[in-house]
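Let's take a walk through this protein chain together. Keep the viewer open and turn the model as you read.

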Amino acid sequence: MLNVRNSSDHQIDGSSHIFHFTRHGYREHIGVNPCIHAISLTSSGDRDTSNTMPSTVVPDVTDHKPTVLIVDDEAAPRAALTQILRQDFHILTAENACAALAVLDDHGVDLVTLDLKLPDRSGSDLLSDIKRAHAEIEVIMVTAYGSLQSAMDCIRHGAAGFLLKPFNASELLTISLQTAQKKLRLDQLRPVLTNSTTLWDPEPACTKAWQALVNDYTTMNRTGSLSASHSDETSPLVPLISDLLEAKDRHLLNHGSRVSFYATLVANRLNLPIAEQQSLALGALVHDLDLISVSDSHVLNMEPDQQMHRPDLGAKMGRAMGLSPDAVQIIALHHERWDGTGYPFGLREGRTPLLARIVGIAQVFDDLTAEKPERTSLLINEALQQIEQQAGTAFDPMLTELFCRTMREQPLQR
């Protein structure tokens with residue numbers, strides 16, 4: 001197994017989640033510091049040839065099986081995957097990209113297992129088409145030709161996991177069930193985000209709505225994918241927050257996770273107390289919480305827009321769901337500026353709390369370096385130079401120097 005701390009949308013670690021094959025492992029393995037994530041790219045060795053299937057980690061709590069589409073141009077892998085998954089899934093198959101798209105247009109599919117090499121086009125191109133036309137469908141890449149770079153590329157473009165052949169049957173089944181369970185959670189949260197108004201209403205309706213959502217979510221997952229492994233999490237709200245951000249826009253979750261990672265690197269250099277690091281990690285993850293309330297699907301385009309971005313609303317929502325005061329301050333104040341020209345309060349210099357100042361730099365750095373469809377991202381050194389030019393105006397000069405030095409010392413930049 002190769003454990004590599006590298007899962008960013010650009011050159012430095014911090015993309016989205018702890019990856020043990022799948023993105024949703026973030027919710028199951030997050031520890032004291034939820035922002036240092038790892039991707040495990042592993043070839044599992046010999047196939048599981050036992051006649052008995054292992055017990056599943058995630059029980060299917062629904063009355064109806066989810067549907068999986070197996071896309072592979074070779075009959076043997078299709079048969080093997082069918083054998084492994086047929087007890088817990090309805091099975092559809094396709095031997096090329098064209099056939100796969102036709103199936104997706106005609107059938108309700110929850111999960112796709114997708115080979116990286118297909119006869120009519122690459123699996124990565126098909127992945128992009130699937131996420132563009134059917135964003136709610138989860139995709140697991142299953143291939144014999146994978147590399148760390150191809151795994152990161154697929155995860156960046158929306159794959160829920162990346163598994164190398166020959167795969168272990170129990171691992172494949174567990175990953176598939178976890179991914180299907182995550183899709184069920186997101187499918188249940190999306191209508192809430194679309195139709196609910198009380199979640200962002202004035203008090204006390206807002207608090208009551210959030211408490212009801214937290215309770216419903218906990219009940220929904222009591223026998224599902226949330227398990228005892230959450231006992232050491234920074235906050236029991238992390239799974240709900242992660243699902244809410246991804247249900248709105250997976251890029252929103254990825255952005256928050258990277259910002260959380262960068263901010264935590266700086267907190268480590270400052271030797272902040274563990275409690276403050278925990279609040280920083282969670283507050284950075286959810287710093288754009290208000291954007292789950294907007295109707296536009298491309299929410300990250302609004303992040304720097306003072307007319308659309310409502311940190312005060314996000315702070316109110318954070319208080320209502322029970323976040324710590326430090327985390328709520330991060331949500332409310334990460335757009336303040338050192339020279340007092342920021343918003344919403346125009347705070348100057350040290351009047352903005354330290355944790356919010358850290359996140360303010362980290363979120364600008366990610367905005368400059370993360371890939372976006374409408375523009376080319378900057379190289380790390382170019383982005384850091386832009387940030388350094390704003391020391392003393394937008395950013396705390398001491399934190400700016402520490403942040404830029406910390407980023408330049410990371411071993412994974414190119």
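Two residues count as being in contact when heavy atoms of theirs lie within 4.5 Å. Keep that in mind for the contact lists below.

## The chain as a whole

What you see is a predicted model. The chain has 414 residues, and 56% of them count as buried. Its elements are 15 helices and eight strands.

The mean pLDDT of the chain is 80, and 78% of the residues score at least 70. Where pLDDT is low, the predicted coordinates should not be read in detail.

Which elements sit at the two ends of the confidence scale?

Now find the open sheet: five strands in the order 5-4-6-7-8, with parallel pairing. Strand 5 and strand 8 (161-164) are the edge strands, each pairing on one side only. From one strand to the next, the twist averages 20°. Helix 4 (residues 123-133) packs on this sheet and touches strand 4, strand 6 and strand 7 (138-143); the helix direction makes about 175° with that of strand 7.

Strand 4 has a neighbour on each side. With strand 5 (residues 90-94) it pairs in the parallel sense over five bridges, and Val 68 has Ile 91 as its bridge partner there. With strand 6 (residues 111-114) the pairing is again parallel, over four bridges. Here Leu 69 stands opposite Val 112, and Val 71 stands opposite Leu 114. To get from strand 4 to strand 5, follow the chain through helix 2 (residues 75-85): the three make a right-handed β-α-β unit.

## Inside strand 4

Is strand 4 buried or exposed? Five of its five residues (67-71) are buried, so the strand is largely enclosed by the rest of the structure. Both faces are covered, with Thr 67, Leu 69 and Val 71 on one side and Val 68 and Ile 70 on the other.

Zoom in on Val 71, which belongs to this strand. Its relative accessibility is 1%, so Val 71 counts as buried. Beyond its neighbours within four places in sequence, Val 71 has contacts that include Ala 94, Asn 96, Ala 100, Asp 115, Leu 118 and Leu 126. Gly 123 is 52 residues away from Val 71 in sequence, yet their C-alpha atoms are 9.1 Å apart in space.

## Two spots in the helices

Helix 8 (residues 238-248) is another enclosed element: eleven of its eleven residues are buried, so the rest of the structure largely encloses it. Among them are Leu 240, Asp 243, Glu 246 and Lys 248.

Over in helix 12 (residues 325-333) you'll find Val 328. Val 328 counts as buried because its relative accessibility is 6%, under the 20% cut-off. Apart from residues up to four places away in sequence, Val 328 touches Ala 315, Gly 318, Arg 319 and Leu 323.

Two peptide bonds are cis. One joins Lys 165 and Pro 166, with omega about -5°; Pro 166 lies in the loop between strand 8 and helix 6 (169-195). The other runs from Glu 203 to Pro 204, with omega near 0°, and Pro 204 is in the loop between helix 6 and helix 7 (205-221).

Next, look for positive phi values in residues other than glycine. Asn 271 has phi near 55° and lies in the loop between helix 9 (250-270) and helix 10 (274-285). Asn 271 is exposed, with a relative accessible area of 64%. Glu 349 has phi near 45° and sits in the loop between helix 12 and helix 13 (354-369). Glu 349 is partly exposed, at 38% relative accessible area.

Notes:
Residues numbered from 1 in each chain as written. Predicted model: local features only at pLDDT ≥ 70, side-chain atom pairs only at ≥ 80, totals over all residues. Heavy atoms only, no water. Buried < 20%, exposed > 50% of the residue type's maximum accessible area, 1.4 Å probe, protein only. Pairing = 2+ DSSP bridges. Right-handed = clockwise from strand over helix to strand, strands pointing away. pLDDT = per-residue confidence, 0-100. Axes fitted to C-alpha atoms, helices over the stretch in contact; angles between N-to-C directions.
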